[in-house]
Amino acid sequence: MPVKTNIWLLRTSQVKNFCNTNMHKTIIVGMQIGLFGKANVGKSTFFSAATQTSVKIENFPFTTIKPNVGIAYVNTTCACKHFKIEHSNPLCMSGIRFIPVKLIDVAGLVPGAHEGKGLGNQFLDDARQAEVLIHVVDISGSTDIQGQSVNVGTHDPREDIKFAEEEFDFWFKQILEREWQKLSKEIEKTKIKLVDGITDRFSGLGVKVNHVHEVLQNLGLLTKKPNEWDDSDLTKFAQ
Ligand SMILES: Nc1nc2c(ncn2[C@@H]2O[C@H](COP(=O)(O)OP(=O)(O)OP(=O)(O)O)[C@@H](O)[C@H]2O)c(=O)[nH]1
Ligand SMILES: [Mg+2]
């Protein structure tokens, strides 16, 4: 499952000039980053700023329904500085390397999304290929738990962090539950290792073998037969 983390994308006028050329269209994009969080907190605003594209932004929940996908550039010091060499890579400007990443801005969440509230959480499928998720939070507390505008500082943003992460876990658990019986039978029949069976089955979600191994080990589930897993095993694994 994707790693939950906070990262910041840097933007400069140089990137803007670069994006105005056609060069970026031929660039191979490595990492995919998903933007998720409560409805109406500024996901699309961040997406628009980071990708320099114009998307729909409004001050009410569920403005975004279909995902916005674009390219943003993370900047870092280029290796040419360290090795003191000259080169003509268009992604390097004066020793600053602009690394293209694919950014995916999905619809917002509200509590109970896994039960179909708001737009539900199926759209997290759109972000399933992301290796990193940026959780966008309205830290000013000016949107209530449903994403409606309220006075600044009247809502505790910690509640948003908690529920959105829980909804993400519910989403992953629902996928696990859907596939678990089939996976159990397959593992029983083919005698493949649990860690390999899970990794193969959920590779479409960006699941990596080392992540699966680490989680199973930490939970003491490495040797437990999948058909003996109970609901709490699935919940802990999803988290
Ligand atoms: N004050 C302030 N307003 C912001 C900021 N970022 C976004 N907004 C405003 O918040 C409102 C919602 O912004 P969006 O970017 O549409 O939010 P979203 O999370 O994509 O919303 P949904 O797609 O509906 O989930 C808009 O009125 C934005 O102008 C910010 O950093 N500060
Ligand atoms: Mg949006």
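This is a predicted model: local features need pLDDT of at least 70, side-chain atom pairs count only at pLDDT 80 or more; totals for chains, interfaces and linings use all residues.
Some ground rules come with the model: local features need pLDDT of at least 70 and side-chain atom pairs count only at pLDDT 80 or more, while totals for chains, interfaces and linings use all residues. Residues are numbered from 1 along each chain as its sequence is written, chains are lettered from A and ligands numbered from 1 in the order in which they are written, and side-chain values use heavy atoms, with hydrogens and water left out.

The protein has 7 helices and 6 strands (DSSP runs, numbered from the N terminus: H or I of at least four residues for helices, E of at least two for strands). Along the sequence, these elements run β-α-β-α-β-α-β-β-β-α-α-α-α. Of its 239 residues, 44% are buried (under 20% relative accessible area, with exposed meaning over 50% and partly exposed in between; 1.4 Å probe, protein chains only). As for contacts (heavy atoms within 4.5 Å), 64% of those between residues at least 6 apart in sequence join residues at least 24 apart.

Turning to the metal, S44 (OG) and T64 (OG1) coordinate the magnesium ion (ligand 2) at 2.0 to 2.1 Å. S44 sits in helix α2 (residues 43–51) and T64 in the loop between α2 and β3 (68–77), so the pair ties together parts that are 20 residues apart in sequence. Both donors (N, O and S atoms within 2.8 Å of the metal, or 3.2 Å for Na, K and Ca) come from buried residues, with relative accessible areas of 9% for S44 and 10% for T64. Water is not among the atoms, so sites may look incomplete.

Ligand 1 is surrounded by 16 residues, the closest being N40, K43, T45, F62 and T63 (a residue counts if one of its heavy atoms lies within 4 Å). Backbone polar atoms approach oxygen atoms of ligand 1 at 3.1 Å for N40, 3.4 Å for E58 and 2.8 Å for F62. The protein covers 63% of the 660 Å² of accessible area that ligand 1 has on its own (Shrake-Rupley method, 1.4 Å probe).

Lastly, there is K173, which belongs to helix α4 (residues 157–190). K173 is buried, at 11% relative accessible area. Its side chain makes a polar contact with that of D231 at 2.8 Å (a pair of N or O atoms within 3.5 Å; within protein, one must be able to donate a hydrogen and the other to accept it, and residues adjacent in sequence count only if both atoms are side-chain atoms). Beyond its neighbours within four places in sequence, K173 is in contact with D231, L234, T235 and A238.
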